[in-house]
Amino acid sequence: MPAAPTSARYLVRYGLLTLGVALATFGLIGWTDLHFDLRGFWLYDNGWQLHPVHLLIVGIGLIPPAIWEIFVLETARQGRQRGERASDDEAGSHSDAATP
């Protein structure tokens, strides 16, 4: 299976980052609406309804891995660019040496 283009990889990572920030924000807003009350945090005592802290936890959990993956993609891209520049420089120096 061929690898996805880099732009698609960035799109997925930025989408996950956006989702994480949105969930964390929505969780905080919902929790402030409950005046930071933790009653109903456990699903079984809340009629199996989500508490805003659950969204906050998932959002905070998504943010660091998404940022890390973006960092890894960017580092790999910069490494490839450095390698291409180095190979271009070597090719240029070899062609200069071959000409009289």
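Biologist: Is Arg77 buried, partly exposed or exposed?

Modeller: Keep in mind this is a predicted model. Arg77 counts as partly exposed, because its relative accessibility is 26%.

Biologist: And what does the Arg77 side chain meet in a salt bridge?

Modeller: Glu74, with N to O at 2.2 Å. Both residues lie in helix H2, three residues apart, which is about one turn of the helix. Glu74 is partly exposed too, with a relative accessible area of 25%.

Biologist: How many salt bridges does a search of the whole structure find?

Modeller: Three. One of them joins Arg13 and Glu69, where the closest N and O atoms are 3.4 Å apart. Arg13 sits in helix H1 and Glu69 in helix H2, so this pair ties together parts that are 56 residues apart in sequence.

Biologist: Which residue does Asp37 pair with in a salt bridge?

Modeller: Arg39, at 2.8 Å from N to O. Asp37 is partly exposed at 28% relative accessibility, while Arg39 is exposed at 68%.

Biologist: OK, switching topic. Which residues form the nonpolar patch on the surface?

Modeller: Trp42, Leu43, Tyr44, Trp48 and Leu50, with about 680 Å² of accessible area together.

Biologist: Where is Leu43 found?

Modeller: In the loop between helix H1 (6–33) and helix H2 (52–98).

Biologist: Why does Leu43 count as partly exposed?

Modeller: Because its relative accessibility is 31%, and partly exposed covers whatever falls between under 20% for buried and over 50% for exposed.

Note on methods. Residues numbered from 1 in each chain as written. Predicted model: local features only at pLDDT ≥ 70, side-chain atom pairs only at ≥ 80, totals over all residues. Heavy atoms only, no water. Patch = residues over 30% accessible without salt bridge, like charges linked within 9 Å, V, L, I, M, F, W, Y side chains within 5 Å. Areas by Shrake-Rupley, 256 points an atom, 1.4 Å probe, with all protein chains shown as cover. Salt bridge = Lys/Arg side-chain N within 4 Å of Asp/Glu carboxyl O. Helix = DSSP H or I, 4+ residues; strand = E, 2+ residues; numbered from the N terminus. Buried < 20%, exposed > 50% of the residue type's maximum accessible area, 1.4 Å probe, protein only.
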